[in-house]
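Please open the model in your viewer and keep the sequence panel at hand.

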Amino acid sequence: MVSYIRRFPRTLWLFLANLPMERKLIVVFIFLISMPITYVSYLSSRSTFNSVLVNATDSAGQMADSASGTIDRYVEDLKRYTALPLYNTDVQYYLEQQGTDWDKNTGMSMFLSYLNHTKAEIVAVYLVDKYGSVYYDKSSGISELFPEERLAQWQSLTESGVAPVVQGRHTIRVNAGDRREVFSILRTVSSVSSLQKIGIIVFDIHISLFKGIVDPVNAVTQGDTLIVDDKGELLYASPDDRSGGSGLLEKHTDKFLQHVSGPGGHFQITLDGKKFLAVYTVSAKTGWTTLVSIPLERILSPVETTRNAQLLTTLAIIAFALIVATFISHALTKPLKSMVRLMKQVQHGNLEVWLHPRYNDEIGILGSHFNRMIIRIKDLLQEVKLTEKRKQRADMRALQNQINPHFIYNTLESIRMLAEGSDDPRVAKLTYLLGMQMRYGIVRSEETVTIRQELDHTRNYLDMLQIRFPDKFSMKIDVPAALLDLPVIKLVFQPIVENAVFHGLEPKEGPGTIHITGWLEGGSAVFCVEDDGVGMDEATLRTLNHTLTGGADSEKFGIGLRNVNERLRLDYGSPYGLRVESESGTGTRVMLRIENLSRPMEN
C-alpha cells in the first residue's frame with residue numbers, strides 16, 4: 001500500500017507527460033487558470049460582502065451619532081432656557097409675590113410666551129411660584145391645560161437640587177379629552193439674593209421632535225430608529241414598516257437594550273425570524289440611547305445579486321476560454337519553448353532578452369511582437385519612474401499648500417474678534433503680521449528655506465497670537481547657530497507651535513511656555529517643540545503616534561501635525577518625521593527629525 005502511494009505521483013506525471021500537447025495545454029489551463037479565477041471570484045464576493053456590511057455599519061453609526069448629537073444640543077438649549085428666570089428680576093419678584101394681580105399675570109405671560117416661541121416643538125411652558133400658583137403658555141391648537149394634576153410630580157422631581165431634570169416620555173391631558181405625548185425639562189428656580197427655592201420652571205416638548213431628527217437617518221440607512229432614555233424607557237420608535245413589521249422596534253425594545261453596552265457599538269439580532277443589524281450610540285450628556293435597526297436582507301440583497309451575476313460571468317468566461325484554448329493549442333509547436341524561457345526571464349525582471357525568429361509563420365510574428373513588447377515595457381518603466389518623481393513633487397506641493405488656509409483662518413478669526421470688540425491699534429499690527437505670514441507661505445515660491453527663516457516665521461505667528469491672548473504664553477528658542485542655516489522644507493515649525501497653542505496652552509489656566517531646542521544626533525538634526533500645557537492621556541497619545549507612523553488615517557487630530565509629518569517623510573524618507581511625547585496635565589513634546597545636510601543653504 002505504501003509503495004503504491006509512492007508510485008502514484010510518478011504514474012500520474014508519466015500519464016500527463018505522454019499526453020498530446022493540445023491536451024496538456026487544456027489540463028494546465030484548467031488547473032492554472034480556471035481554479036485561480038474561481039478562487040479570486042470567491043474572495044472578491046466575500047470581500048464585497050464584508051465591505052458592504054462594514055460600510056453600512058459605519059454609515060448607520062455616523063447617522064446615529066449625528067442624531068444623538070442633535071438631540072443633545074436640543075436638550076442642552078432647553079436646559080439653558082430653564083436658567084433664564086435667574087436673570088429676569090421681574091420674574092424673580094413675581095415668583096416671590098403672594099397672590100396674583102394684573103401686573104404679575106401680564107409679566108409672567110410675556111416671559112412664558114417668549115420661552116414658548118423659542119422652539120417649534122414646545123407644547124407648553126410652566127412657571128410655578130413660591131406659593132404653588134401655576135402660570136403657563138401653550139402652543140396653538142391647545143385651549144386648556146391641567147398643570148395642577150402634575151404639580152406634585154414636578155415638586156418631587158425637583159426636590160433633589162437645582163440642576164435641570166429630564167423627565168422621560170409621558171402623556172399629558174389637554175383640551176379636556178385630548179392627549180399629547182411629551183417629555184419634559186424641569187428646574188428649580190432659586191432666588192438670586194437668598195438662594196432659596198422660589199419656584200419651578202417646566203418645558204413640555206412634543207415627541208414629534210424626534211421624528212424630524214430620525215427621518216433623515218431612516219432615509220439614508222433604510223432602517224428604523226429607536227430612542228430610549230437613561231432609565232430604559234421608550235422615548236420614540238419609528239412607526240414605519242422598514243424593519244418588516246409595524247411596531248417591531250417598540251415590541252422588542254428590551255431585546256435590543258440587552259445588547260447595548262458602552263458608549264456605542266453594533267450587533268446582529270434575530271427577531272421574528274429575520275436578522276437585523278443594530279447600530280447604537282449612548283449620549284454622554286443625557287444617557288439616552290439612539291439605536292438604528294436595519295434588516296440584513298435589505299443590506300445584502302444587492303451583494304447577493306452581484307455575487308450571482310459574477311459567478312455566472314466567471315463560468316461563462318472559463319467555458320469560453322477553454323474553447324479558445326483548445327483551438328489555439330493546435331497551432332502551438334516546439335519553438336514556443338524558446339519564447340516561454342525568455343518570458344520566464346522577463347518575469348524575473350530580466351528585460352535584456354531578444355527573440356530571433358527563424359521563420360515568418362505565426363510563431364515568428366508572435367516573436368516579433370514579443371520583441372516590440374519588451375521595448376515598450378522598457379519605455380513604460382522609464383515613464384513610470386519619471387511619473388513617480390513628478391507625483392512625489394506634486395504631493396509635496398499639495399500637502400504644503402494645505403497648511404496655509406489652516407493657520408490663515410485662525411489669524412482672521414483673531415482679527416474678527418478684536419474688530420468686533422473695539423477699535424484697537426493692535427488690529428493694524430495683527431494685519432501687518434498676517435501679511436508677513438501670507439508672503440512667507442504663499443508669495444515665496446521656494447520649496448526649501450533655512451531653519452532661521454522657519455523660526456522667524458514662527459516668531460511672527462506667535463506675535464499674532466500674543467495680540468489675541470496677551471501674556472497667555474511665551475516662546476524660548478535654544479537652537480545652536482550651526483543649525484540655523486540648514487535647509488528645511490517650508491512650514492514645519494509653525495503648525496507644530498499652532499497645535500501646541502490651541503490644544504496645549506489655550507485650555508490651560510494661567511500662562512504657558514513653548515520651548516524650541518535643537519541638536520545634532522548621529523546623521524540627523526533633531527528639534528524639539530515642547531509646551532507645558534494640558535498634555536494628553538496615554539490612549540490619545542498612542543493613537544496620535546500610530547497615525548504619524550503610517551497607521552490608519554484619522555481626522556481626529558486635524559491636518560497640522562499629520563501634514564508636517566507626511567511632508568517630512570516624503571522629502572527625507574520614512575525614517576524621518578515627527579514623534580510625540582506627552583503626559584496629561586504636564587505638557588507635550590514634539591520631536592522633529594530631519595536629515596543633516598552637510599552644506600548649509602545659501603540665503
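Select strand E8 (residues 264-271) together with strand E9 (residues 274-282): the two run antiparallel and are joined by eight bridges. Strands (E, at least two residues) and helices (H or I, at least four) are DSSP runs numbered from the N terminus, and two strands pair if DSSP finds at least two bridges between them. Within this pair, display Phe267, whose bridge partner in E9 is Ala278. Then move to the hairpin, where two residues lie between the strands and Asp272 adopts a positive phi near 50°.

This is a predicted model, in which local features need pLDDT of at least 70 and side-chain atom pairs count only at pLDDT 80 or more, whereas totals for chains, interfaces and linings use all residues. Residues are numbered from 1 along each chain as its sequence is written, and side-chain values use heavy atoms, with hydrogens and water left out.

Next, select Ser238, in the loop between strand E7 (234-237) and helix H7 (248-251). Is Ser238 buried or exposed? Its relative accessible area is 6%, so Ser238 is buried (buried means under 20%, exposed over 50%, partly exposed in between; 1.4 Å probe, protein chains only). Leaving aside neighbours within four places in sequence, Ser238 is in contact (heavy atoms within 4.5 Å) with Val214, Asn218, Asp224, Thr225 and Leu249. The side chain of Ser238 also reaches the backbone nitrogen of Thr225 at 2.9 Å.

Finally, select Ser51 in helix H2 (residues 21-81). Ser51 is partly exposed, with a relative accessible area of 35%.

How values were computed. A polar contact is a pair of N or O atoms within 3.5 Å; within protein, one must be able to donate a hydrogen and the other to accept it, and residues adjacent in sequence count only if both atoms are side-chain atoms.
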